[in-house]
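This briefing covers selected helices, loop residues and a surface patch. The points are grouped by topic.

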Amino acid sequence: MSPSLDPAGLDLLFREARTPHAFTDEPVTDDQIRAVYDLVKFAPTSLNQQPLRMVLVRSPEARARLARYMYDENRDQLLGAPLNALLLADNEFHEQLPRLFPVFPQAKDLYYAERPAREESAAFNAALQMGYLILAIRAVGLAAGPMTGFDFPGVAKEFAGPDHSVVAVMNIGRPARNASSPRLPRLDYDEVVTTV
């Protein structure tokens with residue numbers, strides 16, 4: 001079975017892609033982020049729920065506020081990126097389900113009436129969307145640097161409302177020269193896949 005993407009496309013999205021630790025100072029525009037989102041919105045999720053929310057942290061004041069909560073080297077990476085996106089899970093995503101999944105409008109009340117069930121589902125499906133976000137950022141010619149090394153409660157208190165959970169911070173931009181570490185090992189197929 002041959003892939004529908006040519007080898008260059010597979011390299012761009014997977015084989016040659018790296019997580020950069022440094023970026024050029026070239027700005028990331030709203031149009032670029034809109035193009036990214038126009039790909040991300042097609043991520044497969046349970047019942048078409050779309051809990052991922054992005055807060056684009058652009059102003060120097062907001063970046064300084066966010067940087068206070070980052071751990072050590074992540075602080076420098078955050079401030080060195082042209083754009084930071086705070087990724088949140090909307091725990092009230094179920095309010096949108098009648099519109100997003102109209103063939104099963106009662107899912108809003110049957111599956112997600114209780115807050116713990118919503119939080120669990122929002123976290124999982126936002127993570128699925130985040131994987132697509134990384135691929136979409138790569139697809140438009142940018143690079144993504146996801147980070148979880150920060151004070152989650154502090155960031156939540158500073159930037160998220162009571163109905164949102166913090167998932168990650170994403171640095172976005174064009175990678176600087178030699179901005180990535182060498183590729184680390186990956187597990188082989190036989191270490192991951194079994195057949196029953």
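The buried residues of α4 pack against α3 (60–67), β2 (83–90), β3 (143–147) and β4 (164–173). The model is a predicted one.

**Helix α4**

- Helix α4 spans residues 72–80, and its buried residues are Asn 74, Gln 77 and Leu 78.
- These buried residues line one face of the helix, because they fall within an arc of 100° when α4 is viewed down its axis.
- An α-helix has 3.6 residues a turn, so residues three or four places apart point the same way.
- Asp 72, Glu 73 and Asp 76 are exposed, and they sit on the face of α4 turned away from its buried side.
- On the buried side, the packing partners include the helix α3 and the strands β2, β3 and β4.

**Val 36 in helix α2**

- Val 36 belongs to helix α2 and is buried, with a relative accessibility of 1%.
- Leaving aside residues up to four places away in sequence, Val 36 touches Leu 133, Ala 136, Ile 137 and Val 140.
- One of these contacts, Ile 137, is 101 residues from Val 36 along the chain, yet the C-alpha atoms of the two are separated by 5.8 Å.

- Gln 129 is a residue of helix α7.
- Is Gln 129 buried or exposed? Gln 129 counts as buried, because its relative accessibility is 3% and the cut-off for buried is under 20%.
- A polar atom of the Gln 129 side chain lies 2.9 Å from the backbone nitrogen of Leu 52.
- Leu 52 is also among the residues that Gln 129 touches, together with Val 40, Ala 43, Thr 45, Gln 50 and Pro 51, when residues up to four places away in sequence are not counted.
- Ser 121 is placed in helix α7 as well, which covers residues 115–139.
- Ser 121 is buried, with a relative accessible area of 12%.
- Which residues does Ser 121 touch, not counting residues up to four places away in sequence? They are Gln 49, Phe 93 and Tyr 112.

**Positive phi in two loop residues**

- Asn 48 is not a glycine, but its phi is positive, at about 60°.
- Asn 48 is in the loop that runs between α2 (30–40) and β1 (52–57).
- With 28% relative accessibility, Asn 48 counts as partly exposed.
- Asn 178 also has a positive phi, near 55°, in a residue other than glycine.
- The loop that holds Asn 178 is the one between β4 and α9.
- Asn 178 is exposed, since its relative accessible area is 77% and exposed means over 50%.

**Nonpolar surface patch**

- Which residues form a nonpolar patch on the surface? The patch is made of Leu 187, Tyr 189, Val 192 and Val 193.
- Together these residues have about 430 Å² of accessible area.
- Val 193 is located in the segment after α9, a helix that covers 189–192.
- The relative accessible area of Val 193 is 34%, so Val 193 is partly exposed.
- Patch membership requires over 30% relative accessible area, and Val 193 has 34%.

Technical notes
Residues numbered from 1 in each chain as written. Predicted model: local features only at pLDDT ≥ 70, side-chain atom pairs only at ≥ 80, totals over all residues. Heavy atoms only, no water. Patch = residues over 30% accessible without salt bridge, like charges linked within 9 Å, V, L, I, M, F, W, Y side chains within 5 Å. Areas by Shrake-Rupley, 256 points an atom, 1.4 Å probe, with all protein chains shown as cover. Salt bridge = Lys/Arg side-chain N within 4 Å of Asp/Glu carboxyl O. Helix = DSSP H or I, 4+ residues; strand = E, 2+ residues; numbered from the N terminus. Buried < 20%, exposed > 50% of the residue type's maximum accessible area, 1.4 Å probe, protein only. Arc of directions from axis to C-beta. Contact = heavy atoms within 4.5 Å. Polar contact = N/O pair within 3.5 Å; in protein donor to acceptor, adjacent residues only side chain to side chain.
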